[in-house]
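Colleague: I am new to this structure and would like to go through it step by step. Please show it to me.

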Amino acid sequence: MTSALDYLIELLAFTGLDHSILVVLAIHIPALAIFLVMVVNATIAVYVERKVAAFMQDRLGPMEVGLFGFKGGRRFWGGIGQTIADAIKLLTKEDIVPDNADKKLMLLAPFIIFIGAFLTFIAVPFSENLVVSDFNVGIFYIIAMSSVGVIGIILAGWSSNNKWSLYGAMRAAAQIVSYEIPIGLTLLLVVIVAGSLNLGDIVQWQADNRWFIIHSPFTFVAFFIYFISVVAETNRTPFDIPEAESELVAGWMTEYSGFKWAIFFLSEYANMLIVSIVASVVFLGGWLSPLAILNIGIPESWMILDGPILGFFWVMLKALFLVFVMMWFRWTFPRLRVDQLMYLCWKVFIPFCLANLFFVSIWELISGTIFR
Amino acid sequence: MYKILDKSIIGADEMVLNMGPQHPSTHGVLRLKIVTDGEVVSHIEPIIGYLHRCFEKHCENLSYEQIAPFADRCDYLAAMHMGHAYAISVEKLLGIEELPSRVEYIRVILAEFQRISSHLIAIGVFGLDVGAITPFTWTLRDRERIIDLFEQVTGARLLYNYIWPGGLAHDLPPTFVNKALEFLDYFEPQIEEYNNLLTTNKIFIERSADVGVMPKDVAINYGVTGPSLRGSGMPFDLRKDEPYSIYSKFDFDVPIGEGLMGTVGDSWDRYYVKVLEMKESIKILRQALPQIPDGDVQSALPKKIRPKKGEIYSRYETARGDVGFYIRSGGKNTPTRLKMRSPAYCNLSVLNEISAGWMISDVITVLGSLDIVLGEIDR
């Protein structure tokens, strides 16, 4: 598995520059690409989220703002330019900073959150070989980087000098730090089975054996624990207590407006995409085609869909389905209370994860010696 | 109930949190001064008056006919109830015993539609308070149909000024009965849908069952009425106990909280009583709609309202509870004094008693389950 960065360095090698300079030059291209991915993802995801919400709530959602001559008119999928208009509005809005706020920290906080999401993308594979840098500790790096954001959240809540923000920040800190543990433990289980921290190797293991979600009952449970935990990690309903609208107004982002608030939004949707891609790579076979599993009764010509070229398509299909499920959650469930959230994590998920980890080790040992 | 830490050990202070008047879930311009210890609330003080419009003082300078639209504006989510309650009290003051039965039927039908529409808001907003957004849009969608019916009848969508002392502003449109029955056929299965989406949702039950338990004696001591009282297991409904208008002609039950998901009198019970009451309202409507008699709705309208000296107190069961009008007449065309007993005001007073010791999220839950309307509290 080669990474995009290696490829770019090779590509730029004709300039004859020193390797260290080449790295610095090459690094800018994926950085720009990641930023574009984040922006495009947020733009589309906000639109889709609003349309999904509208569909579930028996209304129309954005209908008026058109784009490139496509206005939608009376059709349901109108208003396609709405998020772009919203983004422009946010960028040109006045940036309000409260008098008693800690102005420097308040400015710093959105960027820490943004950088947390941004840096995580480095190790996220969009397909085979389509990853910025192919770490041999990829999964560990992703877990580590996705917890950087919580520092920004605490800073944002504290520096706003607002009691609602403070409550939101304290809740977020408790929640995110707690839910890191079940996430880590479920991914550890996969690492135990596959024997590698490298995401490419994990997918290769799944290609050789079977997808992790159907590998054993324990990995099946692990997928659901992982998915519920990442919903909590990304502060989505039913675990959106840090920004609980009906209780804390907007939680830790109460005092933010304009561009800074847009950055929070960008990061939130980027985090949704990241955790979904990781879930699809680790548990759902990543860029492997689902058609390969059901190879009974499928014409041979269809198998063209199973290949490295369509890897990106399959990763994104699985990931976007999970993103859709998150949206589905949001518009269906009420919100948990703080103590119930902690109860779920510490008294349900973590014991289950530990038991899971224990049993999966035994399972692998037995199936490794008896069945093979 | 959470035990508040002994502050002498950790040396922590309590924080005063000011919730409202601009807050998404205080149901209007209510301000709550909440003393918190971390997430746990130790004391709540509701501060009201941000929507005070001097209703009672205004009434002393308005003729009885002119007060009717003002009464509507007290409880803007159940304006028909307030109009009806006021009309009944003035009729009592004037000594009008018998109204044309067409008037009574139309009044009851509209009042029951109003009860459904008000409860739809209440259960939708309660869902919003615990974080579920979709039930709110669904209930508002169905409330919209009731409002359309009202628009056909009265020409207004929120504040109707339709029920006048002694009669009605005008007769029903000819298509009303069919459209109303059509709506009931549409609406009855919808209640099951709300139950599937919200009432029996595990998270919703976790959030509302056993939270903010209001025992029967506490409810009675604080003068809580309406669905909140019935949620505590007390079958008190003025439509049954002191029947006014023609409610004694209809067959309906008074649903009470039974603690299906937790304790009797918890937030879930107060919520579920409203769902059941909508079904009872449908029952009344199904009986009343086919048998509206013919007649002139304005035959009993007094030419001029100038009651003799005296005073009355009349009670009425609105969607929120027992509203009372005390009117003292000095023999002029304006009341000497008009006092309104507001059910939501009394229901709000119990907030500190039942939600102190719970968390901030639970205060919102309890407040939502009490179903207050600030227009009525502040008057």
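Modeller: Two residues are in contact if their C-beta atoms, placed from the backbone, lie within 7 Å. This is a predicted model, in which local features need pLDDT of at least 70 and side-chain atom pairs pLDDT 80 or more, while totals for chains, interfaces and linings use all residues. Residues are numbered from 1 along each chain as its sequence is written, and chains are lettered from A, with ligands numbered from 1, in the order in which they are written.

Colleague: How many residues does the contact take from chain B and from chain A?

Modeller: The contact draws on both chains. By class, chain B's side has 13 nonpolar, eight polar and five charged residues; Ala, Val, Leu, Ile, Met, Phe, Trp, Tyr, Cys and Pro count as nonpolar, Asp, Glu, Lys and Arg as charged, and the others, Gly among them, as polar. The count is 26 residues from chain B and 21 residues from chain A.

Colleague: Is α7(A) roughly parallel or roughly antiparallel to α9(A)?

Modeller: Helices here are DSSP runs (H or I, at least four residues), and strands are runs of E of at least two, numbered from the N terminus. Helix α7 (residues 163-194) of chain A and helix α9 (residues 217-233) of chain A have axes 9 Å apart and pack at an angle of about 155 degrees; axes are lines fitted to C-alpha atoms over the stretch in contact, and angles run from 0 to 180 degrees between N-to-C directions. Angles under 35 degrees count as roughly parallel, over 145 as roughly antiparallel, 65 to 115 as roughly perpendicular and the rest as oblique. The angle therefore makes α7(A) and α9(A) roughly antiparallel.

Colleague: Is L149(B) buried or exposed?

Modeller: L149(B) sits in helix α6 of chain B and is in contact with F113(B), K179(B), A180(B) and F183(B), leaving aside neighbours within four places in sequence. A residue is buried if 20 or more other C-beta atoms lie within 10 Å of its own, exposed if 12 or fewer, and partly exposed in between. L149(B) has 20 such neighbours, so L149(B) is buried.

Colleague: Which residues is S245(B) in contact with, leaving aside its neighbours within four places in sequence?

Modeller: S245(B) lies in the loop between α11 (238-241) and α12 (267-288) of chain B. With 18 other C-beta atoms within 10 Å, S245(B) is partly exposed. Its contacts, leaving aside those neighbours, are E104(B), R107(B) and V108(B).
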